[in-house]
Amino acid sequence: MLCVGHMQPVSQDIPHSGAEPAPSQAPGPLVVVAGATGYLGGQTVLALHKAGFRVRALARDPAKLAQIRHAVHEVFVAEATDPSTLQGLCDGAYAVFSSIGLRQLGRRPTFWQVDRDANIAIATEAAHAGVKRFVFVSVHGAPERRGINPLFEAKEQVVDWLVQSPLQSTVLRPTGLFNDMQELFDMARAGRIWVFAKGEARVNPIHGADVGERVAQLLRQDQPAAAVDLGGPETFTMRQIGELAAQALHKEVPVTSLPLGLLKWGARLLRPFNINLSAMMSFFYYVNRWGAVADPVPGRSLRDYYEELART
Ligand SMILES: NC(=O)c1ccc[n+]([C@@H]2O[C@H](COP(=O)([O-])OP(=O)(O)OC[C@H]3O[C@@H](n4cnc5c(N)ncnc54)[C@H](OP(=O)(O)O)[C@@H]3O)[C@@H](O)[C@H]2O)c1
């Protein structure tokens, strides 16, 4: 059963690993992490904890915090898409980080309800609570392409809201995260890599931990940048990423190219039936059409990430 707007101190309800100091002893400023049950939010929780912050994690299902529970000071159980459940989420917090965003492709809820409305609801709660700082995760290239892709538009409407709010905000716009690159790895493991447009689009993907460490740095700065584009240390074509995955698995994997038009026309045809699927196809169209390369941040290598996956 979901306990709406309910706070769970970790020390009472969620055992920590014992390998690290008990989070309740950490003296640092309190940061609310929305999206903590996801890839980037989870990595950010770990980085903030390591940097000495206390973390209050927002979760619909606290069981999904199991792997990072040692780094979580408090759990706030609520539905981000239902603002009435968020009351008290940000009380006493110095900052809020949100990487909430839709990844499922069913018809409901829509990305408007999650990527835009839920994030604005969290930011509204932060502003009411007098929180100083807000870090929001958008997508690389979103400001330039917001008019042509609704997913970018939904993210950037949150940025518009933040800019006119009393919150001191920083918008992070990462390129591909390593968990998205896992899809190419999974294809390689399954025996065939599918790419679009010959796999020529270029991207410098970034590990979530490198983004999380940047968040911790930003929260320590007095005058942080209003927006930060983030990419990983190495730039690859999509085909090269597939080949890297195959190398990590020590196998030959055929690469098959699909026409880019499939994504473009698929997105248009599906729009009246499933806006989430349509927007995601349109998003992949733009990524495969223009690539996603941002200023590189020194950090973890994709080869190491794949080799680790290959060992599991
Ligand atoms: N992955 C990439 O390559 C990439 C690249 C650039 C930008 N981004 C952006 O970065 C953000 C985080 O990405 P990620 O890879 O960490 O995603 P993720 O692993 O799917 O995490 C998404 C988070 O959003 C929450 N969420 C999703 N639907 C929700 C709903 N209906 N109600 C409440 N919470 C909901 C999830 O909670 P539950 O666990 O409860 O579902 C989870 O905590 C996204 O906004 C994405 O657009 C991602």
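User: Hi! How many helices and strands does the protein have?
Analyst: The protein has 11 helices and 12 strands, taken as DSSP runs numbered from the N terminus (helices are H or I with at least four residues, strands E with at least two). This is a predicted model, where local features need pLDDT of at least 70, side-chain atom pairs count only at pLDDT 80 or more, and totals for chains, interfaces and linings use all residues. Residues are numbered from 1 along each chain as its sequence is written.

User: Thanks! Now the ligand: how many residues surround it, and which are the closest?
Analyst: There are 26 residues around the ligand, and the closest are Thr-37, Gly-38, Leu-40, Gly-101 and Asp-180. A residue is near a molecule if its C-beta atom, placed from the backbone, lies within 6 Å of it.

User: Which elements give two or more residues to that shell?
Analyst: Those are helix H2 (39–50), helix H3 (111–128) and helix H6 (178–190). H2 provides the largest share, three residues.

User: Switching to H6, at what angle does its axis cross that of H11?
Analyst: The axes of H6 and helix H11 (residues 302–311) cross at roughly 60° and come within 11 Å. Axes are lines fitted to C-alpha atoms, for helices over the stretch in contact, and angles run from 0 to 180 degrees between N-to-C directions.

User: And which residues make the contact?
Analyst: Phe-178, Met-181, Gln-182 and Phe-185 of H6 meet Leu-302, Tyr-305, Tyr-306 and Leu-309 of H11, with contact meaning C-beta atoms, placed from the backbone, within 7 Å.

User: Last one: what box do the C-alpha atoms fill?
Analyst: Along the principal axes, that box is roughly 50 × 45 × 40 Å.

Key
Two residues are in contact if their C-beta atoms, placed from the backbone, lie within 7 Å.
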